[in-house]
Amino acid sequence: MAVLMGGAAYTGWALTPTPGATPVAGPTSEAPPTAEVPPSADAERVLPAAPAPDGLPEIDYDPAPAGFPDDPDALDTTPLTQGLHPTRKLAAYDAPGGRPLAFLMPTISEVELTVPVARRESGWTAVLLPSANRKLAWLPPGGFRTVALRDQIVVERTPFRLTWYRDGTAQRSWQISLGQRGQETPLGRTFVLGRTPPPESVYGGVDIYALGSIPDDLDSVPAGLRGAHIGIHTWYHDGELGQQTTNGCIRLTASGQRLLLEKLRPGTPVVVVDELPAPPATA
């Protein structure tokens, strides 16, 4: 699947699965032990789930179906510390006890899916919706396991800064390039969907992170990038850092991208804001 890359109309490469169907971002990114989440023992407090018709669409790399609710905390930089991996096809609803709109699958483009948990209510779990911006999907109990998420990426558009946090503490910050006017990098919470190898030498020979987010205006990007996701990637030179030059992607240095690839696992939350109230200590 395509990743929206700044400055190049190239499309058609795939997310990279690894043997065993579980992508590993690097030697320090192994997932902590996970556990199947059973239905709540207190059945009276859990809103029932309406049956999901077999003909519902599956959420994949294409834009997600309409009708899912807005993320009410889209600009909240509080770290999301738990991820959810579907262990079977799950019906995704518009609210606890609400309407089923689509199926959330264990993989997207053959890459194991981990989505950050955003909130819980009435025994249901809300996750950040893949292939959409600032949307949630609600899941009833059962059919998934959870995993701890230690890391977070915060992107600030005004100072052109990306900061990597671990366990709530800023580790490193980098100057970045962001989306040009009319193709601005989307605001809000998203997550690392997976990684893909660079298709051309202009990407510095370093793997690319595809995010769960897509362009806010799908028609604003060049025709060759239609259907692409926002990405975090490097470039063959650093001369455009601190500028709006990409097609919506987040571009940083090659050394910074290599470090993130080593440290971050799929499912890592990413939040894009205009500016933090105070610069991180690493700024």
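To start with the background: among contacts in the protein chain between residues at least 6 apart in sequence, what percentage joins residues at least 24 apart?

Mentor: The figure is 72%, where a contact means heavy atoms within 4.5 Å. The model is predicted, so local features need pLDDT of at least 70 and side-chain atom pairs count only at pLDDT 80 or more, while totals for chains, interfaces and linings use all residues. Residues are numbered from 1 along each chain as its sequence is written, and side-chain values use heavy atoms, with hydrogens and water left out.

Of its 283 residues, 52% are buried. Buried means under 20% relative accessible area, exposed over 50%, and partly exposed in between, with a 1.4 Å probe and protein chains only.

Now the rings. Rings of Phe, Tyr and Trp (its six-membered ring) pair if their centres lie within 6.5 Å; planes under 30 degrees apart count as stacked, over 60 as edge-to-face and the rest as tilted. By this rule there are three aromatic pairs. One of them, Tyr93 with Trp124, is edge-to-face, at 5.0 Å centre to centre and 90° between the planes. Because Tyr93 belongs to strand S4 (residues 90–93) and Trp124 to strand S9 (residues 124–128), this pair ties together parts 31 residues apart in sequence. Tyr93 is buried at 3% relative accessibility, and Trp124 is buried at 0%.

Trp235 and Tyr236 make a tilted pair, because their ring centres are 5.9 Å apart and their planes stand at 50°. Here Trp235 is buried, with a relative accessible area of 9%, whereas Tyr236 is exposed at 54%. Together with Tyr203, Trp235 and Tyr236 form one aromatic cluster.

Charged side chains also meet rings. A charge sits over a ring if NZ of Lys or CZ of Arg is within 6 Å of the ring centre and within 35 degrees of the ring normal. Arg251 lies over the face of Trp235, 4.0 Å from the ring centre. Elsewhere, the charged end of Lys89 sits over the ring of Phe103, 4.4 Å from its centre.

How values were computed: Helix = DSSP H or I, 4+ residues; strand = E, 2+ residues; numbered from the N terminus.
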